[in-house]
Amino acid sequence: MARQHNSRRQKQGIQILKQKGLQAIVLGAAMLLVSPLFASSPVLNTLASTLRTFAWPLLVIGMLLLGAYAFFKRVADKTVGPTDGAAHTPSPAKSRGRLKLIEPTLAATAEPAPPTSSPTPASAWSPAVFAAIEWRRFEAVCEALFAQAGYTTRAQSHGADGGVDIWLHTADTDKPVAVVQCKHWQGKPVGVKEIREFFGVMASHKLQRGIYATTSTYTEDAQQFATANGVAAMDGPALLAMIAKRTPEQQQALLAVAHEGEYWKPTCASCGVKMLERTPSKGGAPFWGCSNYPKCRTRLQMLAVR
């Protein structure tokens, strides 16, 4: 009992680092956004300067706290051994999506994984395509979609990504013009918490444009926050509408990206390798486990075959 109590206290302490880090980033970003409103007034110019002076240290402190959170959480996860001869289930966070801002190794754990056997590849785009593919294929589709729109894209297949799944560049500048976060969720809407975290990432990179892409939907407050803060919130229907505007050849090219390889089998967000079907040694439902176990303990719930 004492060990469990200490474990709970440790987890609570780690969560406080996350909470304080996010608060510092959001507050710092808000101060940077508000300060220009006062700069035009001679009387309030001093206030604007003061806000800017305090905003950057807050952003730095927030990133340091999130870095400490990620470090101590990883250490804590490694100290907890599996109870069923496989891997323990981390709490949801990114997509590599995603989520992803501070728990990159758990990006694929927010929703259950695709079925164990290969569905028949679709010949045309529909919501069923998004349901059949795993999270990494969804990110690859999003990257190809924005590349077709004329952007130069940069992405990372796995590991820590700092809350960004895809960087968008234009030909006239080396700096990114926008960032994209991808969330392959089914049934669960994206909430305002996820959008706030993504906005904090945008602010930390001094970007005013961001795109949040999900196969699911958004809560009303998440949509309102996104609209007010320069985040283009694209749900499943919006992505399908964007795909429908492509030429037939481009749509087929996107389908080929979606169905590449074992597209129904989830990818480990930490290692970038396909996961394996595992059965608990003490009985229970099968699940997806990383092929690098016990070095990597990521696991996913397994859906029934559709």
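Colleague: What makes β4, helix α5 and β5 a right-handed β-α-β unit?

Modeller: In this predicted model, β4, helix α5 (residues 192-204) and β5 form such a unit. A crossover is called right-handed if, with the strands pointing away from the viewer, the path from the first strand over the helix to the second runs clockwise. Helices (H or I, at least four residues) and strands (E, at least two) are DSSP runs, numbered from the N terminus. The model is predicted, so local features need pLDDT of at least 70 and side-chain atom pairs count only at pLDDT 80 or more, while totals for chains, interfaces and linings use all residues. Residues are numbered from 1 along each chain as its sequence is written, and side-chain values use heavy atoms, with hydrogens and water left out.

Colleague: What makes β2 and β6 edge strands?

Modeller: The open sheet has 5 strands in the order β2-β3-β4-β5-β6, with mixed pairing. Each of β2 (152-155) and β6 (231-234) pairs on one side only, as an edge strand does.

Colleague: Why is β5 described as largely enclosed?

Modeller: A residue is buried under 20% relative accessible area, exposed over 50%, and partly exposed in between (1.4 Å probe, protein chains only). In β5, 5 of the 5 residues are buried, so the strand is largely enclosed by the rest of the structure. Gly210, Tyr212 and Thr214 point one way from β5, and Ile211 and Ala213 point the other way. In a regular strand the side chains alternate between the two faces of the sheet.

Colleague: Why is Thr120 called exposed?

Modeller: Thr120 has a relative accessible area of 72%. The limit for exposed is over 50%, so Thr120 is exposed. Thr120 belongs to the loop between β1 (113-115) and α3 (127-132).

Notes: Pairing = 2+ DSSP bridges.
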